[in-house]
Amino acid sequence: MPTPVLTVLEEDKHAWFAGRTRAILKFLDAELGPTGSLQRRKVLDVGGGAGNMAHHLAHYGDVINLECNPRPIPVAQRRNVTTVQGAGDHLPFPDETFDLVALLDTVEHIPDELGVFAECARVLKPGGVLIVTVPAYMWLWSYNDEINAHQRRYTANELRLKLSLSGLRVSRISYNNFFLFPAVAAMRLLRPYNPNLKSPHIHDDADVYQVDMEPIPEPLNTILHGVYWLEAEILERISFPFGVSIICTARK
């Protein structure tokens with residue numbers, strides 16, 4: 001039985017977030033088996049923020065949420081997510097601690113990307129799984145990347161090479177957000193660079209944390225839920241040749 005997508009948090013109602021979750025669960029089910037496995041694994045979510053993915057990753061084991069930004073940590077704790085403050089390129093855990101490490105739209109924020117991949121490999125047990133999601137194609141770079149403090153975007157070949165340099169063997173890699181790629185690419189190429197663009201999830205009050213999502217109005221959000229559901233069903237069977245983002249699993 002496939003691992004179900006749970007709608008528990010407000011984030012899960014957002015089409016992009018829910019679509020990414022569906023793709024992640026498809027990849028992890030293929031690597032680890034779906035819900036129902038008797039094995040309890042140790043899971044690390046690097047850059048897990050407010051514990052947005054902990055309830056989904058908990059299908060596969062006991063989750064520790066690692067976050068460098070202190071602002072979302074109280075939110076994660078209120079959600080009863082075990083959370084540790086720390087940096088992705090200096091993980092505060094012993095060697096070979098985890099069966100699964102999640103690096104979900106995180107490494108593109110960190111200057112030392114190879115250091116992050118090496119640290120993930122270090123804390124994985126032999127045979128352990130790393131799952132990675134990243135934005136695709138530097139030519140899709142926009143001011144939105146800048147206000148989110150991205151360092152880079154990737155191609156599938158670049159991500160595969162950098163994981164292999166860190167001692168990880170890619171099991172499967174695919175582009176994601178395939179159906180929306182033409183619209184997103186057109187917007188990136190046709191919309192002029194706008195350094196005055198404001199993001200609604202960035203708050204002037206340093207003590208306020210808001211989840212990193214642009215709001216999607218209805219009925220578009222509901223329509224996109226259907227698009228992402230279809231994409232996840234296809235992704236279970238084939239890999240996409242291009243897309244707005246990349247999803248990958250690798251083993252130590």
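Within strand β7, Leu 130 has Ala 250 as its bridge partner. The model is a predicted one.

- Seven strands make up an open sheet with mixed pairing, in the order β3-β2-β1-β4-β5-β7-β6.
- The edges of the sheet are formed by β3 (83-85) and β6 (169-176), each of which pairs on one side only.
- On average, neighbouring strands of the sheet are turned by 15° against each other, direction ignored.

**Strand β5 and its neighbours**

- Strand β5 (residues 124-135) has nine of its 12 residues buried, so the rest of the structure largely encloses it.
- With strand β4 (residues 98-104), β5 pairs in the parallel sense, and six bridges join the two.
- With strand β7 (residues 245-251), β5 pairs in the antiparallel sense over seven bridges.
- For Val 129, the bridge partner in β7 is Arg 251.
- A right-handed β-α-β unit is made by β4, helix α4 (residues 113-123) and β5.

**Helices**

- Helix α1 lies across β1 (41-46), β4, β5, β6 and β7, and runs at about 20° to β7.
- Helix α8 (residues 220-235) also packs on the sheet, where it touches β6 and β7. The direction of α8 makes about 145° with that of β6.
- In helix α7 (residues 181-190), the buried residues include Phe 181, Val 184 and Ala 185. Viewed down the axis of α7, its buried residues fall within an arc of 100°, so they line one face of the helix.

**Salt bridges**

- Side chains of opposite charge can pair when their charged atoms come close. In this model, the count of salt bridges comes to 13.
- Arg 251 and Glu 31 meet through their side chains in a salt bridge with an N to O distance of 2.9 Å. Here too, distant parts of the chain are linked: Arg 251 is in strand β7 and Glu 31 in helix α1, 220 residues apart.
- Glu 31 has a relative accessibility of 18% and is likewise counted as buried.
- Arg 152 and Glu 113 meet in a salt bridge of 3.6 Å, N to O. Arg 152 lies in the loop between α5 (143-147) and α6 (156-165), while Glu 113 lies in helix α4, so the pair ties together parts that are 39 residues apart in sequence.
- Arg 152 and Glu 113 are both buried.
- A network of salt bridges links Lys 26, Glu 233, Glu 236 and Arg 237.

Notes. Residues are numbered from 1 along each chain as its sequence is written. This is a predicted model: local features need pLDDT of at least 70, side-chain atom pairs count only at pLDDT 80 or more; totals for chains, interfaces and linings use all residues. Side-chain values use heavy atoms; hydrogens and water are left out. Buried means under 20% relative accessible area, exposed over 50%, partly exposed in between (1.4 Å probe, protein chains only). Helices (H or I, at least four residues) and strands (E, at least two) are DSSP runs, numbered from the N terminus. The arc is that of the directions from the helix axis to the C-beta atoms. Two strands pair if DSSP finds at least two bridges between them. A crossover is right-handed if, with the strands pointing away from the viewer, the path from the first strand over the helix to the second runs clockwise. A salt bridge is a side-chain nitrogen of Lys or Arg within 4 Å of a carboxyl oxygen of Asp or Glu. Axes are lines fitted to C-alpha atoms, for helices over the stretch in contact, and angles run from 0 to 180 degrees between N-to-C directions. Contact means heavy atoms within 4.5 Å.
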